[in-house]
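Please look at the sequence and the model shown here, and follow the paragraphs below as they lead from one residue to the wider arrangement of the chains.

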Amino acid sequence: MADRRFDDVFEGDELGPVELFLSKDQVRAYARAVDHYFARFTDDEGARREGLPGMITPGNMSMGLLTTLVDGWAGPGKLRRLGTTFRGLVLPDRTIRLCGAVTQKDQTTRSVELDVWMESDEGERLVIGTATVALQ
Amino acid sequence: MGLEFDRSILGEEFDRTEHDPVAADELIAFARALGEASPCYVEPGAALIGHPTYCIRFRGGKFFPDNLPEGLRYRMSFDAGKDIEFGVPVRAGDRITVVSTLHDLYEKTGRSGSMVFVVVRFTMTNQRGETVAVVDNRMMYRGQE
């Protein structure tokens with residue numbers, strides 16, 4: 001696990017991309033872990049009855065996955081803020097990419113601003129956001 | 001949508017919920033579901049901490065205040081995103097209290113028409129009074145024809 005130092009970071013540095021296959025079982029495991037075992041997150045038929053194309057990934061799980069990207073880059077315990085906008089449905093049993101880039105460094109606070117996003121295999125940005133990490 | 005409401009409702013506490021103590025296996029199951037392998041998130045013991053976004057599993061007992069503007073009550077909303085300021089990590093045995101306030105309410109016009117955003121803020125503290133997280137939940141209502 002990285003323990004990244006402030007002086008080794010430059011604006012424009014990229015995080016990832018980390019490509020992963022998001023399985024339905026992983027989404028169900030998340031839904032179970034957060035006690036949100038609702039049809040839309042666990043079952044295609046149940047999700048369709050709610051007007052969805054099939055089971056979807058909880059927005060909170062997308063945030064969690066983006067956090068793993070930031071944590072993997074900066075090291076655990078460095079994330080201070082994360083803001084996201086959910087732009088599209090994240091459908092499981094597909095490949096997604098977690099991506100990011102350094103947009104700003106603040107020498108005074110030794111913090112770094114990041115753009116982070118989750119995109120589909122086709123390159124559509126499904127979740128976008130910004131994050132702040134504090135580095136030594 | 002012509003949104004009019006009494007702005008004095010912003011910032012008012014409308015719910016306070018204390019959750020049961022956090023179990024270590026819950027922290028580990030959460031982190032594993034995200035594919036985490038870092039020892040601090042998945043290995044039992046004194047060093048175990050909750051994955052940062054574990055905090056968003058905590059909610060208030062009531063998600064919206066009773067005095068939400070009438071045009072929004074009982075309508076379906078969509079989770080448009082969240083902003084989280086992280087405090088101290090959640091640890092096994094912590095009892096998390098969630099205080100809910102209506103943080104903001106605003107209207108926007110986008111490509112698909114007018115939308116109203118309701119921002120519900122959860123301020124989460126542990127039993128020591130330390131801030132675990134401040135989570136702004138942005139819920140979106142589509143305009144009505």
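Which residues does Leu66(A) touch, not counting residues up to four places away in sequence? They are Thr84(A), Leu98(A), Val116(A), Met118(A), Val127(A) and Gly129(A), where two residues are in contact if their C-beta atoms, placed from the backbone, lie within 7 Å. This is a predicted model, in which local features need pLDDT of at least 70 and side-chain atom pairs count only at pLDDT 80 or more, while totals for chains, interfaces and linings use all residues. Residues are numbered from 1 along each chain as its sequence is written, and chains are lettered from A and ligands numbered from 1 in the order in which they are written.

Leu66(A) is also among the residues with the most contacts inside the largest nonpolar core, together with Tyr30(A), Val70(A), Met118(A), Cys55(B) and Met124(B), and that core has 61 residues. The largest share of the core, eight residues, is supplied by helix H4 (residues 59-74) of chain A. A nonpolar core here is a set of buried Ala, Val, Leu, Ile, Met, Phe, Trp, Tyr and Cys residues joined through C-beta atoms within 7 Å, and a residue is buried if 20 or more other C-beta atoms lie within 10 Å of its own, exposed if 12 or fewer, and partly exposed in between, with the C-beta atoms placed from the backbone.

Chain B contains two helices and five strands, which follow one another from the N terminus as β-α-α-β-β-β-β; helices (H or I, at least four residues) and strands (E, at least two) are DSSP runs, numbered from the N terminus. Of the 145 residues in chain B, 28% are buried, and the C-alpha trace of this chain spans about 55 × 30 × 20 Å along its principal axes.

Where the two chains meet, the contact takes 21 residues from chain B and 22 residues from chain A. On the side of chain B, helix H1 (24-33) and strand E2 (78-86) are the elements that give two or more residues, and E2(B) gives the most, with eight residues.

E2(B) also pairs with strand E2 (residues 79-86) of chain A, in the antiparallel sense and over five bridges, where two strands pair if DSSP finds at least two bridges between them. Within this pairing, Gly83(A) stands opposite Asp83(B), and Arg81(A) has Glu85(B) as its bridge partner. Arg81(A) has a bridge partner in E5(A) as well, namely Thr132(A), and E2(A) pairs with strand E5 (residues 125-134) of chain A in the antiparallel sense over seven bridges.
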